[in-house]
Amino acid sequence: MGNRLFAQKFYPMNFLLTFTDEGIPENEVAILNPIYLPSAGFERVGDTLYINKQNKEQVMLSTKQYDNRNEVLLTYRTVADLKIFRERLQEYQPKLDQTDAHTYQATFKSLLIKFMIAEDTVIDSKRFRDIKFLLVYDKGQKFPFSSDNCTFPMTETYPFQNTTWYFSAKYNRSLSSSESNDMQLVLGKEKTAYKIEFLDDIHFKVTYTDPKKKAHVYQSTYNSYKSEISFYANSYEWADKDKMGRALETMPEKYAGADSFFYDPKNFARAAGTARYFRFIFSKSYRWLYHINGGLMELNTQEFKEQGDTKMMTESMPRREDR
């Protein structure tokens with residue numbers, strides 16, 4: 001997997017995934033994450049150093065303990081351009097103050113977060129850009145992602161960013177319950193009519209060919225954490241268009257009555273290659289499973305069958321013309 005995913009670009013939120021305190025001695029603060037970093041193409045040199053053998057990028061960790069506080073300093077030595085990274089620093093939550101051209105930080109009573117873009121480093125005639133991430137926090141501090149036993153649990157988050165896949169979708173009645181339906185996406189490298197590109201840490205793009213052989217491109221956002229990925233489909237962007245290019249009204253799937261995908265999964269297969277088909281796929285949260293031997297990513301979700309009033313429709317889009 002590492003060979004296929006080398007040269008991953010880290011984004012500000014990814015820095016929290018690169019280290020962990022799960023399973024370490026009580027007198028230590030943290031080590032580099034032995035699950036996430038190999039998934040991003042890095043090989044372990046030690047608990048505090050990982051190196052990407054293909055592009056020579058490095059991730060280094062140093063920690064300190066004070067009477068009541070812990071300090072984590074992570075250095076990422078990258079060959080990537082930092083334009084998008086700098087843009088993400090402006091969107092980081094909690095909001096960071098830019099104290100100078102290369103420093104962004106947020107200071108609280110029990111917490112300090114700081115990103116520092118250092119001068120470039122040249123190694124064997126190769127130029128690297130150094131990013132330093134400093135986290136100082138009170139001992140015993142808990143974050144939203146913390147567990148009962150760990151401040152920084154060992155995440156299994158997959159680095160989707162900057163990867164491209166072809167995919168197929170199946171939607172069937174669940175074998176375990178007649179009232180449930182199962183959705184499955186299989187992402188792989190073998191070419192299909194549908195392609196998904198994870199452009200960065202939050203944006204993705206889908207390219208597909210409709211039944212009339214017309215190509216379409218749609219973009220939206222996603223979020224991935226641990227073994228779950230959630231897609232957010234903008235109904236305007238993923239709607240059919242009128243002759244003027246305006247988005248036509250879209251009926252929520254649960255209000256489509258007997259034609260609803262919920263009511264009869266066969267309706268989903270019949271709609272293959274339409275905006276409705278992809279809008280339905282990319283408005284859900286999935287559990288993902290990577291099959292390392294086959295190089296396939298499997299996304300699965302289950303939902304209860306729903307029916308509703310077919311008269312309930314969105315009113316903010318122009319009505320579809322009769323054809």
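The chain holds four helices and 19 strands. Helices here are DSSP runs of H or I with at least four residues, strands are runs of E with at least two, and both are numbered from the N terminus. Please keep in mind that this is a predicted model, in which local features need pLDDT of at least 70 and side-chain atom pairs count only at pLDDT 80 or more, while totals for chains, interfaces and linings use all residues. Residues are numbered from 1 along each chain as its sequence is written, and side-chain values use heavy atoms, with hydrogens and water left out.

Let me begin with the chain as a whole. Of its 323 residues, 46% count as buried. Buried means under 20% relative accessible area, exposed means over 50%, and partly exposed lies in between, with a 1.4 Å probe and protein chains only. The accessible surface comes to about 17400 Å², and carbon and sulfur atoms hold 48% of that area. Such areas come from the Shrake-Rupley method with a 1.4 Å probe; for residues, only the protein chains shown count as cover. Contacts, meaning heavy atoms within 4.5 Å, also tell us something about the chain. Among contacts with a separation of 6 or more, 57% are between residues 24 or more positions apart.

Two strands pair if DSSP finds at least two bridges between them. Strand β4, residues 49-51, runs antiparallel to β5, residues 58-65, and three bridges join the two. Within this pair, Y50 has V59 of β5 as its bridge partner. The two strands form a hairpin with six residues between them, and K56 in the turn has a positive phi of about 70°. Strand β5 is also antiparallel to β6, residues 69-78, through eight bridges. There, T63 has V72 of β6 as its bridge partner. Three residues link β5 to β6 in this second hairpin.

The next topic is strand β8, residues 103-107, where Q105 is found. How is β8 placed relative to the rest of the structure? It is largely enclosed by the rest of the structure, because four of its five residues are buried. On one side of the sequence, β7, residues 97-100, runs antiparallel to β8 with three bridges. D100 stands opposite T103 of β8, and the hairpin of β7 and β8 has two residues between the strands. Strand β8 also pairs with β9, residues 111-117, in the antiparallel sense over five bridges. Here A106 stands opposite I113 of β9, and three residues connect β8 to β9 in a hairpin.

Let us look at Q105 itself. Is Q105 buried or exposed? Q105 counts as buried because its relative accessibility is 19%. Leaving aside residues up to four places away in sequence, Q105 touches L96, D97, T99, I113 and K114. Its side chain makes a polar contact of 3.4 Å with the side chain of K114 and another, of 3.5 Å, with the side chain of T107. A polar contact is a pair of N or O atoms within 3.5 Å; within protein, one must be able to donate a hydrogen and the other to accept it, and residues adjacent in sequence count only if both atoms are side-chain atoms.

Finally, consider G295, in the loop between β18 (285-291) and β19 (296-304). G295 is buried, with a relative accessible area of 9%.
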